[in-house]
Amino acid sequence: MATATAKNGTVVTPEGTMGARVKSLREAMDLSLRDLAERSGVSAPMLSQVERGDTSPTLAVAQKIAAGLDLTLSQLLRLDEGRHVVIVRAGEGRARRRRGHRTEELTPPLPGQRADVSAHTLAPGAATGGPDDPPLHEPGSRETAVVLDGGVELFIDGQRHELAEGDSVTFDADLPHHFENNAETEARLIAIVAAGLRRG
């Protein structure tokens, strides 16, 4: 993709590509405009204008947007697209914590990506979600989980399955499900979610 910088310091890309890419990346990370505004320091109205193609951001603004999307500026502008490699270093994935459950996203938020890999750490007594939580994945999704340490229990569609260290499980991820760690030691697992692959 050809990218240049105008004399006024704005980023010049083929019409609409910059805004469409920002919107696709934001939605892939499940972020609202307000969320990205908080992460990047760029106002929500400005982000909206960029996404619609109404304005071209300056390099400084583009840099902030890239940082808010956990990307380098060159990745956002696709200057390094030919390399086809994006490395997420150990401990640098997007992470979040909730009631003893730590999640780290191991795949970068690239547009068009149909599979996501995440690492989950469950403290004793913790769970990945509540039994009444709605499905988090789109219809047709499949998930494969591999237990790295400890043991967990998978509750899905009214059934319970025990998983020990080294076990793996594949299931329809659009059904209500969650993992629980009911042991006295911490448990770790890797989850791979492939979107919209299951056939009826």
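## S118 in strand 5

Let's start with S118, which sits in strand 5, the stretch covering residues 115–122. Keep in mind that this is a predicted model. With a relative accessibility of 8%, S118 falls under the 20% cut-off, so S118 counts as buried.

What does the side chain of S118 make a polar contact with? Its partner is the side chain of H120, at 2.8 Å. Setting aside neighbours within four places in sequence, S118 also touches T103, E104, E105 and L106, along with L189, I190 and A191.

## Helix 2 against helix 3

Now for a pair of helices: helix 2 spans residues 33–40 and helix 3 spans residues 44–52. Their axes come within 9 Å and cross at roughly 110°. That angle lies in the 65 to 115 degree range, so helix 2 and helix 3 are roughly perpendicular to each other. As for handedness, helix 2 passes helix 3 in a right-handed crossing.

Which residues meet here? Helix 2 brings L33, L36, A37 and S40, while helix 3 supplies A44, L47, S48 and E51. Sorted by type, the residues of this contact come out as 5 nonpolar, 2 polar and 1 charged.

## The whole protein

Zooming out, the protein has 5 helices and 11 strands. It runs to 200 residues, and 36% of them count as buried; S118 is one of the buried residues.

Technical notes. Residues are numbered from 1 along each chain as its sequence is written. This is a predicted model: local features need pLDDT of at least 70, side-chain atom pairs count only at pLDDT 80 or more; totals for chains, interfaces and linings use all residues. Side-chain values use heavy atoms; hydrogens and water are left out. Helices (H or I, at least four residues) and strands (E, at least two) are DSSP runs, numbered from the N terminus. Buried means under 20% relative accessible area, exposed over 50%, partly exposed in between (1.4 Å probe, protein chains only). A polar contact is a pair of N or O atoms within 3.5 Å; within protein, one must be able to donate a hydrogen and the other to accept it, and residues adjacent in sequence count only if both atoms are side-chain atoms. Contact means heavy atoms within 4.5 Å. Axes are lines fitted to C-alpha atoms, for helices over the stretch in contact, and angles run from 0 to 180 degrees between N-to-C directions. Angles under 35 degrees count as roughly parallel, over 145 as roughly antiparallel, 65 to 115 as roughly perpendicular and the rest as oblique. A crossing is left-handed if the near helix is turned anticlockwise from the far one by less than a right angle, and right-handed if clockwise. Ala, Val, Leu, Ile, Met, Phe, Trp, Tyr, Cys and Pro count as nonpolar, Asp, Glu, Lys and Arg as charged, and the others, Gly among them, as polar.
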